[in-house]
Amino acid sequence: MLPNEIFSLGLKPRDLTVLACLIRHKDNENDSCFPSRSLIAKECCVKEKTVDAALKALEERSLIIKKHRLRENGSHTSNMYFVADIFAMTQRPAQIKQDN
């Protein structure tokens, strides 16, 4: 389920869609997921190039952390993504104001 706070982040539609997809796939135990770029593109109805741009924007805003993964034979496999706690990120400014 998407947190309501996600809408206060001012994300572009492509970034919001990709973030929602990652949240859908994430493991609630460690907030990670590893959908392929092609799966994200398919589920978001966009091209892989658009997924790449969205992932880059989400990383720059510290909403996700991307870790490259390798198979045992050294070849690349899907990246692992760690999704930030959106609720905690949106509450920080309010907490700072309350502390002052």
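**Close-up views of a predicted chain**

**View 1. The whole chain, from one end to the other.** Following the sequence, the elements come in the order α-β-α-α-β-β-α. That makes four helices and three strands, where helices (H or I, at least four residues) and strands (E, at least two) are DSSP runs numbered from the N terminus. The C-alpha trace spans about 55 × 30 × 25 Å along its principal axes. Of the 100 residues of the chain, 30% count as buried; buried means under 20% relative accessible area, exposed means over 50%, and partly exposed lies in between (1.4 Å probe, protein chains only). Please keep in mind that this is a predicted model, in which local features need pLDDT of at least 70 and side-chain atom pairs count only at pLDDT 80 or more, while totals for chains, interfaces and linings use all residues. Residues are numbered from 1 along each chain as its sequence is written, and side-chain values use heavy atoms, with hydrogens and water left out.

View 2. Helix α1 covers residues 13–25, and its 13 residues should span 18 Å at 1.5 Å a residue; the expected span is 1.5 Å times one less than the number of residues. The C-alpha atoms at its ends are 19 Å apart, which agrees. Which residues of α1 are buried? They are D15, V18, L19, C21, L22 and I23. An α-helix has 3.6 residues a turn, so residues three or four places apart point the same way.

**View 3. The largest nonpolar core.** Here 21 residues come together in the largest nonpolar core, a set of buried Ala, Val, Leu, Ile, Met, Phe, Trp, Tyr and Cys residues joined through side-chain atoms within 4.5 Å. V18, L19, L22 and I40 have the most contacts inside this core. The elements giving two or more residues to the core are α1, α2, α3 and β3 (80–83). Which element gives the most? It is α1, with five residues. In soluble globular proteins, nonpolar side chains tend to be buried together.

**View 4. Two cysteines without a bond.** A disulfide is a covalent bond between the sulfur atoms of two cysteines. With the cut-off for a disulfide set at a pair of cysteine sulfur atoms within 2.5 Å, a search of the whole structure finds zero.

View 5. The structure holds five salt bridges, each a side-chain nitrogen of Lys or Arg within 4 Å of a carboxyl oxygen of Asp or Glu. One of them joins R24 and E43, whose closest N and O atoms are 3.1 Å apart. This pair links distant parts of the chain, with R24 in helix α1 and E43 in helix α2 (residues 37–44), 19 residues apart. R24 is exposed, with a relative accessible area of 60%, whereas E43 is partly exposed at 33%.

**View 6. A network around R37.** R37, E48 and D52 are linked in a network of salt bridges. R37 and D52 form one of these, with the closest N and O atoms 2.7 Å apart. Because R37 lies in helix α2 and D52 in helix α3, the pair ties together parts that are 15 residues apart in sequence. The side chains of R37 and E48 also meet in a salt bridge, at 3.2 Å from N to O. That pair too links distant parts of the chain: E48 is in helix α3 (residues 48–60) and R37 is in helix α2, 11 residues apart.

**View 7. A charge over a ring.** R69 lies over the face of F34, at 4.5 Å from the ring centre. A charge sits over a ring if NZ of Lys or CZ of Arg is within 6 Å of the ring centre and within 35 degrees of the ring normal.

**View 8. Two loop residues with positive phi.** Most residues other than glycine have a negative phi, and most peptide bonds are trans. D31, in the loop between α1 and β1 (32–33), has a positive phi near 60 degrees. S62 is not a glycine either, yet its phi is positive at about 60 degrees. The place of S62 is the loop between α3 and β2 (64–67).
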